[in-house]
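The sequence and the structure come first.

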Amino acid sequence: MAIIYPIITLLGLMLSIISVIKRSPLFNFIGIQIALYGGLKGVGLIIPPLPGQVILMYMVMSVFAFLIYFSIDDKTFKRFLEPIRSVFVEDDKRIIRSLVFFFVPILAGFITYWEVKPRFEPPVSARIIHPEPSTEIEFRGKTIRILGLENPLRKDVTNLPQHIEEGKRIYYQNCLHCHGADLDGKGHFAQAFNPPPLPFRGTDTIALLPESFVFWRVAKGWRDIPEGSTPWDSSMPAFEDFLTEKEIWEVILFIYEATGNKPRTW
Amino acid sequence: MRIFMAIILILFLPLYAFSEDEGKKLYDDWCAQCHGYKGDGKGYSTDFTFPKPRGFVKGIYKFHSTPSGSPPTDNDIIRSIRKGNPGSSMPPWKRFSDNEVKALVNYLKRFSPENFESPAEPIKIGKAPRVTDELIQKGKRLFEEAKCWECHGKSGRGDGEKGWQEKFKDEWGDRIYPANLTYPWELGNGSDMEDLYRRTITAGIEGTPMASYQDDLKDDERWALAHFIKSLQLKRKLGIALRMVKVDSAPSSTNDPIWGETDYLDLPIGGQILFNPRHFTPTITNVRVRGVYTDSEIAIMLEWVDKKPNKGDDGMPSDAAHMQFPSKIPEGAEKPYFYMGDRRRAVTLWQWKASEDSAREYIAKGPEVVTEQERQDVKATSTYTDGLYRVIFKRPLNTGDREDMGFEVGRFIPFSVTLYDGWNKEEGNKGVISAWYYLMLEPPMHIKVYLLPPIVSLAVYGLGLVLRRKLGKKYKIK
């Protein structure tokens with residue numbers, strides 16, 4: 001949808017250029033404002049979209065700046081006003097005049113309605129998806145330092161396949177319902193929860209995280225995440241209640257293995 | 001000639017073998033955890049989902065487009081894999097290539113080769129007749145005459161008597177329930193017209209009490225039935241906030257016409273798997289919420305399908321429903337935990353129980369810390385009709401109780417729902433839960449919304465007239 005903004009910008013620029021050729025400062029002015037509006041909205045395609053307030057501010061500034069620019073020279077300003085004047089008074093502009101007198105008040109009424117009508121916009125809470133983990137946690141009475149923590153099972157090379165298989169069992173008995181049979185976040189309970197369960201496929205979840213982080217997240221679930229990550233909405237269980245330390249490491253081995261992702265090690 | 005055949009064989013054998021190995025590898029990696037490494041339906045997830053994964057060694061496939069008693073076609077199996085079976089944990093597998101899916105199909109067939117010795121053709125299907133009221137009425141009649149209601153219930157919600165007999169099981173010995181035909185998202189065999197007509201009513205669901213009606217009903221009768229079932233299907237209205245409008249007096253009965261005019265919201269719900277005992281095999285999948293308010297009162301109605309009502313006197317727990325609200329309306333984004341609150345932030349819990357058909361108010365600070373409120377301000381009434389529970393909760397907007405939050409007009413107020421199906425032994429933490437949603441008592445439309453726009457229009461028009469007059473005198477050139 002946002003793709004229409006660059007098009008708006010182009011149309012504005014075209015109008016502006018044609019107006020320069022036709023020597024009509026008013027339409028040049030309008031073209032510039034349209035192009036600017038399209039541009040300000042269009043940056044949302046590249047960087048996070050600008051808030052409406054900011055856009056409004058820029059637009060007001062630009063309207064004033066260009067009004068001043070076009071009114072410095074008396075002759076230009078007269079030509080600037082000419083279309084407005086002629087629409088108001090000239091006999092051969094009767095049709096346009098009727099149209100303007102009909103549509104502009106209606107538009108004004110509509111804008112007023114839009115502004116005063118009651119809004120129904122439920123609050124949205126921005127949340128940090130991968131918050132800073134605790135440096136140290138209590139895990140079933142044992143203190144575990146998360147910082148620099150490594151998956152101990154990776155060193156057990158001979159039994160690694162068994163650990164992964166065990167992780168598979170744990171996954172399909174504990175995680176399946178939300179994170180899904182294909183680890184895509186589309187389990188058969190997923191729809192019930194908001195925020196929705198994260199997928200493990202793809203490059204923007206566990207592929208970005210060191211295993212120590214994943215351990216903390218699985219062990220502590222919603223309980224330990226900071227307020228900025230809206231713990232009150234999170235349906236991620238605290239698996240310290242259900243799994244042992246070894247089981248958590250095993251299921252972590254499995255989710256990396258099954259998605260072909262590698263934990264971050266730096 | 002023989003040499004030629006031999007060459008062809010040698011050329012193709014590795015290809016064949018390759019596809020078998022590939023099939024086995026894919027199956028062991030992605031299907032065995034549920035369907036079992038031996039294809040016996042005993043995988044890791046078997047006791048953690050309902051319905052259970054299919055065992056393939058018996059050679060009975062529930063879902064097919066072929067006549068009853070014959071094996072599914074390759075395309076039938078491909079369809080189950082590609083589209084999944086809604087209402088179960090069998091997901092749609094989109095990630096595999098067509099060749100990989102073919103390899104999987106070949107591998108599945110090897111669990112019961114004898115079953116696939118004489119392949120069958122899909123049932124021929126004509127064009128669906130155009131839907132008319134008459135056709136739907138005819139379908140409705142047939143639904144009675146063919147005794148579909150004995151299992152599916154009078155309104156198709158799966159609440160028929162037969163479903164509650166102890167021996168109501170499938171070929172694999174597992175308990176099964178007649179489908180709720182009003183929830184298309186639960187129909188594993190597909191919910192559009194052709195699926196209903198061909199795959200379910202004509203072919204039947206193999207190995208279950210859902211028989212084929214190919215011989216008992218004529219072609220046009222089966223189409224009529226399919227149309228009738230289609231007409232029963234609910235459309236889910238998903239969202240995050242519910243509007244509640246103001247009315248003169250709060251409805252006290254569940255079939256008050258006011259409910260038909262109000263906005264509603266469908267909340268998908270899932271098993272409670274956060275606290276012990278976790279609940280992996282729920283039966284309820286949806287609750288519909290609507291509400292209205294008056295000068296003094298708020299009334300909220302919950303609607304959900306429960307195929308068998310339990311009042312707690314049949315050795316099963318009573319059916320129940322909870323509505324949860326933050327005990328204090330949050331100023332910012334922060335809320336209590338969405339299920340039962342937490343130590344720092346409490347939730348107010350309105351509990352309705354079928355056994356008493358009345359409501360109680362609790363304060364919860366986590367599932368273990370639940371205390372009944374001293375002052376009780378919530379009232380509830382309910383009806384159970386053809387598998388559908390309707391429960392109305394009512395409370396004064398402001399109770400004067402310091403423990404209660406007030407319902408302020410124009411505020412977004414968080415709420416969540418927990419439901420319990422006694423037949424499924426649900427009570428305590430074993431229930432189905434929703435996320436946080438919002439409700440808002442919509443302020444009555446302010447008079448300025450109607451007045452301001454025409455005033456502004458007229459003013460602008462007037463201004464134009466004045467300008468024209470002034471300009472006309474001074475600047476007219478031609």
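In this predicted model, 20 residue pairs are in polar contact between chain B and chain A, both residues of each pair being at pLDDT 80 or more. The elements of chain B that give two or more residues to the side touching chain A are helix H1 (2-30), strand S1 (241-246), strand S3 (270-271), strand S14 (437-441) and helix H10 (447-475). The largest share of that side comes from H10(B), which supplies 15 residues. Sorted by class, the side of chain B that touches chain A is made up of 39 nonpolar, 13 polar and 16 charged residues.

Four salt bridges are counted between the two chains, chain B and chain A. One salt bridge joins B:Arg344 to A:Glu227, with 3.5 Å between the closest N and O atoms. In total, 68 residues of chain B and 57 residues of chain A take part in the contact. The size of an interface is often given as the accessible area lost when the parts come together. Between chain B and chain A, the buried area is about 5400 Å², and carbon and sulfur atoms give 67% of it.

Within chain B, the loop between strand S9 (370-372) and strand S10 (379-385) holds B:Gln376. This residue, B:Gln376, counts as partly exposed because its relative accessibility is 32%. Leaving aside residues up to four places away in sequence, B:Gln376 touches B:Ala359, B:Arg360 and B:Glu361. Although B:Gln376 and B:Glu361 are 15 residues apart in sequence, their C-alpha atoms are 6.0 Å apart in space.

| Side chain | Backbone atom | Distance |
|---|---|---|
| B:Gln376 | nitrogen of B:Glu361 | 2.6 Å |
| B:Gln376 | oxygen of B:Gln373 | 2.9 Å |

Elsewhere in chain B, helix H4 (residues 98-109) has 12 residues and spans 17 Å from its first C-alpha to its last, which is close to the 16 Å expected at 1.5 Å a residue. Which residues of H4(B) are buried? They are B:Val101, B:Ala103, B:Leu104, B:Val105, B:Tyr107, B:Leu108 and B:Lys109. An α-helix has 3.6 residues a turn, so residues three or four places apart point the same way.

Terms used:
Residues are numbered from 1 along each chain as its sequence is written. Chains are lettered from A and ligands numbered from 1 in the order in which they are written. This is a predicted model: local features need pLDDT of at least 70, side-chain atom pairs count only at pLDDT 80 or more; totals for chains, interfaces and linings use all residues. Side-chain values use heavy atoms; hydrogens and water are left out. Helices (H or I, at least four residues) and strands (E, at least two) are DSSP runs, numbered from the N terminus. The expected span of a helix is 1.5 Å times one less than its number of residues. Buried means under 20% relative accessible area, exposed over 50%, partly exposed in between (1.4 Å probe, protein chains only). Contact means heavy atoms within 4.5 Å. Buried area is the accessible area (1.4 Å probe) that two parts lose on being put together, summed over both. A salt bridge is a side-chain nitrogen of Lys or Arg within 4 Å of a carboxyl oxygen of Asp or Glu. A polar contact is a pair of N or O atoms within 3.5 Å; within protein, one must be able to donate a hydrogen and the other to accept it, and residues adjacent in sequence count only if both atoms are side-chain atoms. Ala, Val, Leu, Ile, Met, Phe, Trp, Tyr, Cys and Pro count as nonpolar, Asp, Glu, Lys and Arg as charged, and the others, Gly among them, as polar.
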